[in-house]
Amino acid sequence: MYPNEKKRGTNRHEESPSEENSLLQGRRKDGISSQGNINKMKDCVHTGSLLSKLQEDNETVEMRDVHENYKVRYSPYSFENKRNWKHHKKDQVQCTVYKDENSPEVEMGHDSEDEATASWYRVTIPCGRKSDKALLMKSIQSLCSVPFTPVDLHYERSRIQFFVQHSNTASALKNVSFKICSDESRKISIFVNPSDVPYSVQNKFRPEQMELLKLAMRKRYDVSHQALDLQRFRFDPDLLDCGVDMKLNQRSCMSATLKIIQENFPELLSLNLRNNKLYQLDSLITVVKMAPHVKILNLSKNELKSAWELEKVKELQLEELWLEGNPFCSTFSDERAYVSAIQKCFPKLLYLDGRKLPTPIQVDTDSPQFMQSCKENLREPKPIKDRVLQFLQEYYLIYDYGDRYGLLSAYHDEACFSLTVPLNPSDQDPSSFYTNGQLLKYKKHDIVDCLRMLPKTQHDFSSFGVVIRYQTETMLCFSVNGKFKLSHNCFSYSLYIVNDQLLVRDSHSDEVESAFAMTMFMPHMNSNPILSLDQQKMVHTFSTQSGMKLEWSQKCLEDNEWNYTKAAEIFCMLQNIGKIPKEFFRPMS
Amino acid sequence: MSMSVKFETYVDQACKTAEEFANIYYETMDKRRQILPKLYLDTATLIWNGNVVMGLDALNNFFATLPSSDFQVTLLDCQPVHEQATQSQSTVLVVTSGTVKFDGNKEHYFNQNFLLTAQTVLGSTVWKIASDCFRFQD
C-alpha cells in the first residue's frame with residue numbers, strides 16, 4: 001500500500017507519531033496549560049532530546065499513515081490561533097514517502113496545482129530557535145532548488161515554522177533536510193507537511209471593512225478605461241479615515257483587494273500598483289484568476305528586488321508594463337538586457353515603462369490563405385538588371401583594384417553588413433550559429449573599414465549569376481553568386497546599399513565561392529534629374545574647360561552644389577594630386 | 001561602435017525571428033512539406049538554383065514535385081532591413097547555409113537567403129517569406 005522505498009538517512013523527513021506522543025507526555029508531565037506562555041514551557045528540552053533520539057533512530061522508523069494521527073495531533077496546542085492543527089480539509093490518505101534525491105515530485109495527496117487553491121505546506125524546523133533565524137533561512141534558501149518565500153515565519157515553542165505553497169517547493173525543502181549543520185554541529189532536519197491556508201493569507205477583514213474597501217476602490221476606478229488606480233493605496237484618505245490599514249505588501253490585504261476586484265471589477269483592464277512598497281509578488285499570484293483581462297500593469301516604484309518576481313504573474317497577457325523605480329531595474333548591465341529579460345517573461349508585451357517595443361512577431365504555419373498582397377511595381381526587368389550589373393561592375397572594380405574607401409558612396413549611412421564563413425565540419429561550434437549583433441557592422445564608415453581589412457580579391461565577373469529577387473518602389477533586392485580569387489574616386493550611385501550580407505565558403509577546389517545578398521535602397525527611380533537650362537550650360541562650360549566628360553562634369557558640379565568656382569577649385573586640386581582617373585576625361589581629339 | 005538602442009532592439013528581434021524561422025522552415029520542409037507554401041506570401045518569389053517560381057500555385061507545384069529532403073543547417077545569419085527601404089514594414093534578411101540531401105541525389109552544400117516580412121492578419125502579426133533564393137554551392 002505504501003511505496004516501500006529505500007530509506008536514506010539524509011532524506012528523512014517525516015513527523016512521526018511518536019513525537020506527538022512524547023510531546024503530549026511532556027505536556028501532561030508538566031501540567032502546563034496549553035494556553036500558557038510558550039516561553040515558560042520547560043518541556044522544550046525534553047522535546048529536543050527526544051527528537052534527537054528519534055533522529056538517530058531514523059533507520060528504523062517506518063512510514064505511517066499520517067492521517068491516522070490527526071486525531072491524536074488535534075489537541076489544543078495552538079495557543080496563538082488555530083491555524084496549524086486543524087484537520088486537513090481533504091479527508092484522504094496522506095503518505096509521506098522517502099524520496100530519492102533526484103526525484104522532484106512528492107506525493108502529498110491531490111494537489112490540483114491551481115494557483116488559487118494550490119496546497120499549502122507547513123515547514124517545521126525543530127530546535128530552530130537555537131540557530132540564528134535569519135542565517136538559517138538564508139542557508140535554506142541557498143540550498144533549496146526551488147526559490148520560495150516563507151510565509152508567516154515564526155517561532156513556535158522551540159521550533160521555527162513557516163508556510164510555503166506548491167508541492168515542488170515542499171519537496172525541494174524536504175531535500176534540504178539534514179544538509180545544514182547547526183551551531184552545535186547537529187544536522188538540522190526539516191519537516192514538511194500539508195496544511196491549511198495560513199492564517200495571515202486568509203481574509204482577515206470583517207465584512208464592514210470589506211465594504212469600506214470596496215467603496216474606496218470604487219472611487220479609484222475609471223469605468224471608461226476599465227482602470228483601477230491603487231497607487232499609494234495605504235494612504236488613501238477614505239481608508240485612513242475609517243482606520244483600515246491597507247498595506248498592499250501584506251498578503252491578507254492584497255488578497256482582500258483581489259477578492260473585491262474579482263467581485264466588482266471583473267472586466268478590469270488596467271491595474272496600477274505603483275508606490276505600494278511591494279517586496280514580492282507572491283500575493284499577486286492569483287491575479288490571473290481574479291482579474292484575467294488585465295492587460296496593463298503598473299508596478300513601478302515598488303521594492304521588487306529581482307526580475308524573477310515577474311514569473312509569478314507571467315500568465316497575464318500583458319501589453320503594457322511599468323517597472324521603473326524598482327531595485328532590480330538597476331541590476332541589468334544595459335537597457336537592452338533589461339528589455340530582453342522582461343520580454344522573455346512577457347513575449348507579447350508592447351510597451352515597457354511607456355516606451356514602445358518592437359512588435360513581437362511569431363512565425364505562423366497555419367495562417368489563412370488570404371493576405372494583404374505586397375505592393376509590387378511591375379517594371380521592365382531589363383533596365384533594372386542593366387543598372388544592377390553596372391553597379392556591380394563598378395563596385396567590384398573598386399573592391400578588387402581600388403582603395404575600398406571608394407565604396408563609401410555605395411553604402412547608405414545606416415547600412416548593415418555581416419560576413420559569415422562556415423567552419424570545417426570538424427570544428428563546428430554551435431555558437432557560430434549567430435552573429436547576434438556583435439559581428440554586425442553598422443553604419444557605412446564601420447562597414448568600409450571592415451571591408452578594407454578583408455583580403456585582396458579578384459572577382460570573376462563571368463561567373464556571376466545575378467538574380468533580382470524583390471522589388472518595390474523603394475527597394476531592390478538582388479542576390480549575386482559567383483567566384484572570386486584570393487590578390488577616390490567618387491562614383492555616383494543613385495543606389496545605396498542598406499543591407500549587405502557576404503557568405504564565403506571554401507570549396508574543394510582552390511577557388512572560393514561566394515554568394516551575396518544585397519538589398520538596396522533607391523531614393524529616386526529617375527536616374528537623370530532634369531537640369532535647368534543654366535545648369536546645362538554650366539555643365540558644358542565646365543566640360544570644355546576641364547576636359548572631363550559631360551557626366552563627370554555634371555557630377556562634380558552637383559557635388560559642389562552648382563558652385564562653379566568651388567567645383568573648379570576641387571577639380572584642379574584633385575587633378576594635381578592625380579586622383580581623377582583617365583576614363584573621366586573626354587578622349588583627346 | 002555605438003549603436004542606437006532602437007537599432008539594437010531591431011537586431012535582437014531579427015536574430016530571434018531568424019532562429020525561430022529557420023527552425024520552423026527546415027522542419028516544415030523536411031517533415032511537413034505540404035504546408036510549406038503557407039510560409040510564403042501570395043506574391044512571393046522563389047529562385048531555386050536560378051529557376052524562378054512565382055506565385056502560390058507555382059510554389060505548391062514546385063514543392064510537391066521536389067523530392068523529399070534532409071536539411072542540415074550549419075550556418076545562420078540575419079540582418080534587419082533598413083526601414084527606409086521597406087517603407088517601415090518590418091523586414092529581416094536571413095541567410096542560411098549547410099548541406100542538403102534530396103532523395104535520389106547526392107548531398108550538396110547549399111545556401112539560402114530569405115527576405116522575411118511582417119504581415120498583419122486578423123490582428124496578429126506573422127512573418128512571411130517575400131523572397132527566397134536557394135542555391136547549391138558546388
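**Salt bridges and a nonpolar patch**

A:Leu397, A:Tyr401 and A:Phe461 make a nonpolar surface patch of about 320 Å². The model here is a predicted one.

Reader: Why is A:Phe461 called partly exposed?

Author: Its relative accessible area is 32%. Buried means under 20% and exposed means over 50%, with partly exposed in between, so A:Phe461 at 32% is partly exposed. As for where to find A:Phe461, look in strand S16, residues 458-471 of chain A.

Reader: On to the charged pairs. What makes A:Asp236 and A:Arg220 a salt bridge?

Author: Their side chains meet at 2.5 Å, N to O. The cut-off is within 4 Å, so 2.5 Å qualifies. By this rule there are 14 salt bridges over all chains.

Reader: Which parts of chain A does the A:Asp236 and A:Arg220 pair tie together?

Author: A:Asp236 sits in the loop between strand S8 (227-229) and helix H7 (237-242), while A:Arg220 is in the loop between helix H6 (207-219) and strand S7 (221-222), so the pair ties together parts that are 16 residues apart in sequence. Both A:Asp236 and A:Arg220 are buried.

Reader: Are A:Asp245 and A:Arg234 buried, partly exposed or exposed?

Author: A:Asp245 has a relative accessible area of 38%, and A:Arg234 has 32%.

Reader: What makes A:Lys259 and A:Glu263 a salt bridge at 3.7 Å?

Author: The limit is within 4 Å, so 3.7 Å, N to O, still counts for these two side chains. A:Lys259 and A:Glu263 both lie in helix H8, four residues apart, about one turn of the helix.

Reader: Why is A:Glu263 called exposed, and A:Lys259 partly exposed?

Author: Exposed means over 50%, and A:Glu263 comes in at 52%, so the label is exposed. A:Lys259 has 35%, so it counts as partly exposed. Elsewhere, salt bridges that share partners join A:Arg251, A:Asp282, A:Glu309 and A:Lys312 into one network.

Definitions and conventions:
Residues are numbered from 1 along each chain as its sequence is written. Chains are lettered from A and ligands numbered from 1 in the order in which they are written. This is a predicted model: local features need pLDDT of at least 70, side-chain atom pairs count only at pLDDT 80 or more; totals for chains, interfaces and linings use all residues. Side-chain values use heavy atoms; hydrogens and water are left out. Patches are made of residues with over 30% relative accessible area and no salt bridge: like charges are joined within 9 Å, nonpolar side chains (Val, Leu, Ile, Met, Phe, Trp, Tyr) within 5 Å. Accessible areas come from the Shrake-Rupley method with a 1.4 Å probe; for residues, only the protein chains shown count as cover. Helices (H or I, at least four residues) and strands (E, at least two) are DSSP runs, numbered from the N terminus. Buried means under 20% relative accessible area, exposed over 50%, partly exposed in between (1.4 Å probe, protein chains only).
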